[in-house]
Amino acid sequence: MKKEIVSVMKRYELKYVLTEEQVERFKAQILNHMMIDKYGLTTISSIYYDTPSYTLLNRSIEKPFYKEKIRLRSYGLIEKESPVFLEIKRKNDNIVYKRRITSTENRVDKFFNENEEFDNEQISRELCAFKEKYGVLEPKYIIIYDRIAYYKDNSDVRVTLDMNPRYRVDNLNLHTSIEGIPLLNEGEAILEVKVQHSIPLWLVEILTKEKIYKSSFSKVGEAHKKELNRRLNEKKIKPTQQTNTNIKGEYQYGFNF
């Protein structure tokens, strides 16, 4: 059987929420320094997994020093054997670490539902350890957005603009639809700067000139907060008693879906 491909990444990730006007000005100015990658505008979909009581997401929106998540990502709508990327993402003191394996949607379903391990022993151990730590993990949200990525030769800086971010809590697969509920106002976008060392001076000057300020915006975190509010308004959330747990975040908000 063909071995799954493992990727390892370590970098700083800085996020900014841009208005429609800032988006247009930024897109014009960055082309003086970077190029759009060969994929152009790409739709990205990610399924986020969590415990039945939303341990990972509740912890994430507390903005802790350390947090982690597990997600399945694809580029555009997929077919049966299209490649997908199962990823563990950890953030510690603003440094992001990623461990990623390439597989198929059906293969990943078997991992979560039937405990069928991957061929690669190292990543299988890490993924199994993640599952063992949190117990049952099930799909909770799908996050979708349209991305333009910029690059520069011989540079470790990567810049992305994520437009029309949206989410769903139904049809949690990567082959049905790319529709969803908006996370931002029309025309707004999320700028991400990903770098291993430092941000170049020219980029700092653009951000300063356009009054673009760092944000802690999380797409899935924002989706979770919106869904909490929606379900609370519809009285679909039942208050629960505070419970002691060694996994902080599980009962932080006193709600259980």
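Me: Which element gives the most to the lining of the second largest pocket?

Reply: The structure is a predicted model. In the model, β2 gives the most to that lining, with five residues. The second largest pocket has a volume of about 420 Å³, and 18 residues line it. Those closest to its centre are I44, Y75, R100, R147 and R158. Two or more lining residues come from each of β1, β2, β3, β4, β5 and β6. By class, the lining has seven nonpolar, two polar and nine charged residues.

Me: How do you know how confident the predictor is in the protein?

Reply: The confidence in each residue is given by pLDDT, on a scale from 0 to 100. The mean for the protein is 87, and 88% of the residues reach 70 or more. Over residues 241-257, however, the pLDDT is below 50. That stretch still has 45 contacts in the model beyond near neighbours in sequence.

Me: Why is S177 called buried?

Reply: The term requires a relative accessible area under 20%. S177 has 18% relative accessibility, and therefore counts as buried. This residue lies in the loop between β7 (158-168) and β8 (181-182).

Me: What does S177 touch, leaving aside residues up to four places away in sequence?

Reply: S177 touches L77, I144 and R168. With L77, the separation in sequence is 100 residues, while the C-alpha atoms are 7.0 Å apart in space.

Me: What makes the pair formed by S177 and E179 a polar contact?

Reply: The cut-off for a pair of N or O atoms is 3.5 Å. A polar atom of the S177 side chain lies 2.9 Å from the backbone nitrogen of E179. Since 2.9 Å is within 3.5 Å, the pair meets the distance limit.

Me: Is S82 buried or exposed?

Reply: Buried residues are those under 20%. S82 stands at 18% relative accessibility, so S82 counts as buried. Its place is the loop between β3 and β4. Leaving aside residues up to four places away in sequence, S82 touches S103 and T104.

Me: How do you know where empty space is left?

Reply: A probe the size of a water molecule is rolled over the atoms, and this shows where empty space is left. A space counts as a cavity if the probe fits but cannot get out. By this rule there are two cavities of 30 Å³ or more.

Me: What lines the largest cavity?

Reply: Its lining consists of Y48, Y49, D50, L56, L57, S60, E68, K69 and V220. Five of the lining residues are nonpolar, one is polar and three are charged. The space inside is about 50 Å³.

Me: How many residues of each class line the largest pocket?

Reply: The lining of the largest pocket divides into eight nonpolar, seven polar and 20 charged residues. The largest pocket holds about 610 Å³ of space. Of the 35 residues lining it, the closest to its centre are K15, K67, K91, S216 and S218. Among the elements that give two or more residues to this lining are β1 (6-18), β6 (138-151) and α6 (219-233).

Notes. Residues numbered from 1 in each chain as written. Predicted model: local features only at pLDDT ≥ 70, side-chain atom pairs only at ≥ 80, totals over all residues. Heavy atoms only, no water. Contact = heavy atoms within 4.5 Å. Helix = DSSP H or I, 4+ residues; strand = E, 2+ residues; numbered from the N terminus. Buried < 20%, exposed > 50% of the residue type's maximum accessible area, 1.4 Å probe, protein only. Polar contact = N/O pair within 3.5 Å; in protein donor to acceptor, adjacent residues only side chain to side chain. 1 Å grid on protein atoms, 1.4 Å probe; cavity = no way out; pocket = protein on both sides within 12 Å on 5 of 7 lines; lining within 4 Å. Points joined across faces, edges and corners; volume = space filled by probe spheres on them. Nonpolar A, V, L, I, M, F, W, Y, C, P; charged D, E, K, R; others polar.
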